Amino acid sequence: SAQVIHPSKLKSPYTQEQVAAVKKDVEAILKNKDYDDGSIGPVLVRLAWHSSGTYCAETKTGGSNGAGMRYEKEGGDPANAGLQHARVFLEPIKEKHSWITYADLWTLAGVVAIKAMGGPEIEWYPGRTDFVDDARVPPRGRLPDAAQAQDHLRAIFYRMGFNDQEIVALSGAHNLGRCHADRSGFEGPWVNNPTRFSNQYYKMLIKLKWEKKHLGREAQGAHWQWIARLPHMDEEDEPLMMLPTDMSLTLDDKFKPWVEKYAEDQDLFFKDFAAVFGKLIELGVTRDESGLAQHDGKAGEYKSA
Ligand code: HIF
C-alpha cells in the first residue's frame, strides 16, 4: 500500500520567510481589541476548525483543502454563521501576501491565534490549494449540532477519524470565545477569560452547578443551554454557558475521565490539544511530491518517494 510521507519531508510551496511574514501579520491583527471580548483570536480558531471539520474519512471528502467556504454552498451553511467576520479580518493579509492560498491562510491564522492567546504551539504545514469546484464542496450538515448529545458527537467526530480522548481534548477549545444569539441561537462565553487559552473549560464543567435555561426567545430560534455563575458574579453579570454537547462530556462514562484529567493537568491538556488540533487541520490534506495537496478524489493515497 502507498506510503505516507510526513509533510515536513515534502517540498514547501512557500519559503520560511514568507510563512514568517504571514504569521507576523496575523499577530498584528490580533492586537485589535475592538471585537467581542477584546480579541479576534477565537473567531479565527473557529474558522480554522470549521474549514477542516467537514472531513469524512470514508469518502475522503471535505476538510480544509480547497477553502470551500468562499462559496455560498459551504460559506452560507447556517453552521458557519459569523465566520464571514473572520474571513474579512484576514482579507488584507491575503491581499498583501497573494501567494498564500486561503486554505493555508485560514488554518495558519487559527494556530497563530491559539499561540498568541497563551496556548500551545501547533504544528502547521503548507500545501493546501484553493482549487475546488462545486461538486467537491462538502454537503451541508457535516458540522456538529450543539443542541445534541454524546451520540451525535461520536457520529460526527468518528466520521473524521477521531477517538473519545481526542473528542474531549479538542473540546477544550471552547475555552475561547463565545456564542452569539444571532449566529447560533446560543449566548455567552464558556469561561470568564475567554481570550486566554487554558484548561478552565474543564474545571468549569466539573465544578460549577449548571442549570438549564433559555436566554433568548424560542420563537427567534434560541435553544436552551446550561448556565452558571462563579461565586463572585452578580445576578446582573452575564453568566457562563455550556452547550448541550459540552455538558454531554460529563454525562458519559468514556468521556468524563478525560474531562477530569484535563481539568487537573493543564500540561497534559496542552500536549494532547496541540496534537489533536494539528491532526484536525491536516484532515484530507494529501500532498504529492510537489508538496501540493491533491483534489483528484484520491486523498489519503500518498505515493512513496
Ligand atoms: Fe465550537 N462552537 N463547537 N468548536 N467554537 C461555537 C463557537 C466556537 C460546537 C458549537 C459551537 C469545536 C467544537 C464544537 C470554537 C472552537 C471549536 C458556537 C457559537 C457553537 C454553537 C457560535 C456563535 O454563536 O458565534 C459544537 C457543537 C462542537 C462539537 C463539540 C472545536 C472543539 C471545541 C472542534 C473547536 O475547536 C470557538 C473558538 C468558538 C468561539 C467563536 C467566537 O466567535 O468566539
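## Surface and charge

Accessible areas here come from the Shrake-Rupley method with a 1.4 Å probe, and for residues only the protein chains shown count as cover. On that basis the protein chain exposes about 14500 Å², of which carbon and sulfur atoms supply 50%. This is a predicted model, in which local features need pLDDT of at least 70 and side-chain atom pairs count only at pLDDT 80 or more, while totals for chains, interfaces and linings use all residues. Residues are numbered from 1 along each chain as its sequence is written, and side-chain values use heavy atoms, with hydrogens and water left out.

The protein chain carries 38 positive and 44 negative charges, whose mean positions are 3 Å apart. In this count Lys and Arg are positive and Asp and Glu negative, with His and the chain ends not counted; each charge is placed at NZ of Lys, CZ of Arg, CG of Asp or CD of Glu.

## Overall fold

The secondary structure of the protein chain comprises 12 helices and 5 strands, taken as DSSP runs (helices H or I, at least four residues; strands E, at least two) and numbered from the N terminus. The C-alpha trace spans about 60 × 40 × 40 Å along its principal axes. For 305 residues a compact globule would have a radius of gyration near 19 Å, and the protein chain agrees, with 19 Å; the radius is taken over C-alpha atoms, and the globule rule is 2.2 Å times the number of residues to the power 0.38.

Of the 305 residues in the protein chain, 55% are buried, where buried means under 20% relative accessible area, exposed over 50%, and partly exposed in between (1.4 Å probe, protein chains only). Among contacts (heavy atoms within 4.5 Å) between residues at least 6 apart in sequence, 70% join residues at least 24 apart.

## Cysteines

Cys-56 counts as buried because its relative accessibility is 9%, and Cys-179 likewise counts as buried, at 6%. The count of disulfides, defined as pairs of cysteine sulfur atoms within 2.5 Å, comes to 0.

## Loop residues

The loop between α2 (41-52) and α3 (72-75) contains Lys-60, a residue other than glycine whose phi is positive, near 55 degrees. Ala-67 lies in the loop between α2 and α3 and has a positive phi near 50 degrees. Lys-60 is partly exposed, with a relative accessible area of 32%, whereas Ala-67 is buried, at 1%.

Glu-238, in the loop between β4 (224-228) and β5 (240-242), counts as partly exposed because its relative accessibility is 37%. Leaving aside neighbours within four places in sequence, Glu-238 is in contact with Arg-178, Glu-187, Gly-188, Pro-189 and Met-233.
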